[in-house]
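Student: I am new to this structure. Please take me through one part of it closely, the nonpolar core and what surrounds it.

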Amino acid sequence: MESTRRAPIGRPRGFDADEALERAVLVFWEQGYEGASLTDLTSAMGITRTSMYAAFGNKEELFRKALERYTEGPAAYAARALEEPTARGVATAFLAGSVRASTRPGCPAGCLGVQGSLAAGEPGRVARDTLVAWRDEGRSRLRDRFQQAVDEGDLPPDADPGLLARYVMTVANGIAVQAAGGTGRDELQQVVDAALRNWPPG
């Protein structure tokens, strides 16, 4: 044990908060919110509970910070996809990014944003609600981007941006569940290709 971990209050932290948060992301990603005990988290982060509370707050706050880090890291493909010049390009990049993120070597299979709290009971309600809001925000951003595509003539005028956004999110969420069950990257990419065959013509 490092002596800095037992340092009195007011001393500088004896650990790298960014690295500790990265490790917390992996624990939540692999075990879900309720499955990740404080012992699991602090052991992986290499810190005491006191240090964890001081640096990150309680477990719910740590989970929110971990989800933010996940959004900026493995799930950053979602924001990048919105910058594609066509709606089809957005959908293609989003779904291909979902496949890559769900099958990253050295990371848990699947998606933290999908599996993090799918089967949560009452103790995990806050985490579940946080993830529902996270997924809803992603869908809203897709919907707005597809509405822009309709306005610009990139999608047909009768295209339903909300339905297309839900379609893409549903396929992406399914990809994450399938990946967590052991389905490989190549097979999941075939699912993406099949899904995009139903995309409205530009």
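**The core and its neighbours**

Tutor: Start with the largest nonpolar core, which has 57 residues. Phe 56 and Phe 146 have the most contacts inside it. Helix 9, residues 161–180, gives this core its largest share, nine residues. Keep in mind that this is a predicted model.

Leu 21 leads on to another residue. Arg 69 touches Leu 21 too, along with Asp 18, Glu 22, Val 25 and Pro 74, again not counting residues up to four places away in sequence. Arg 69 sits in helix 4, which spans residues 59–72. Its relative accessibility is 18%. Buried means under 20%, so Arg 69 counts as buried.

Now turn to Phe 146. This residue lies in helix 8, where Leu 142, Arg 145, Phe 146 and Ala 149 meet Ala 87, Val 90 and Phe 94 of helix 6. By class, that contact has six nonpolar residues, one charged residue and no polar ones. Helix 6 covers residues 87–102, and helix 8 covers residues 125–152. Their axes are 9 Å apart, and the packing angle is about 155°. Angles over 145 degrees count as roughly antiparallel, so helix 6 and helix 8 are roughly antiparallel to each other.

Key:
Residues numbered from 1 in each chain as written. Predicted model: local features only at pLDDT ≥ 70, side-chain atom pairs only at ≥ 80, totals over all residues. Heavy atoms only, no water. Helix = DSSP H or I, 4+ residues; strand = E, 2+ residues; numbered from the N terminus. Buried < 20%, exposed > 50% of the residue type's maximum accessible area, 1.4 Å probe, protein only. Contact = heavy atoms within 4.5 Å. Axes fitted to C-alpha atoms, helices over the stretch in contact; angles between N-to-C directions. Parallel < 35°, antiparallel > 145°, perpendicular 65-115°, else oblique. Nonpolar A, V, L, I, M, F, W, Y, C, P; charged D, E, K, R; others polar. Core = buried A, V, L, I, M, F, W, Y, C linked by side-chain atoms within 4.5 Å.
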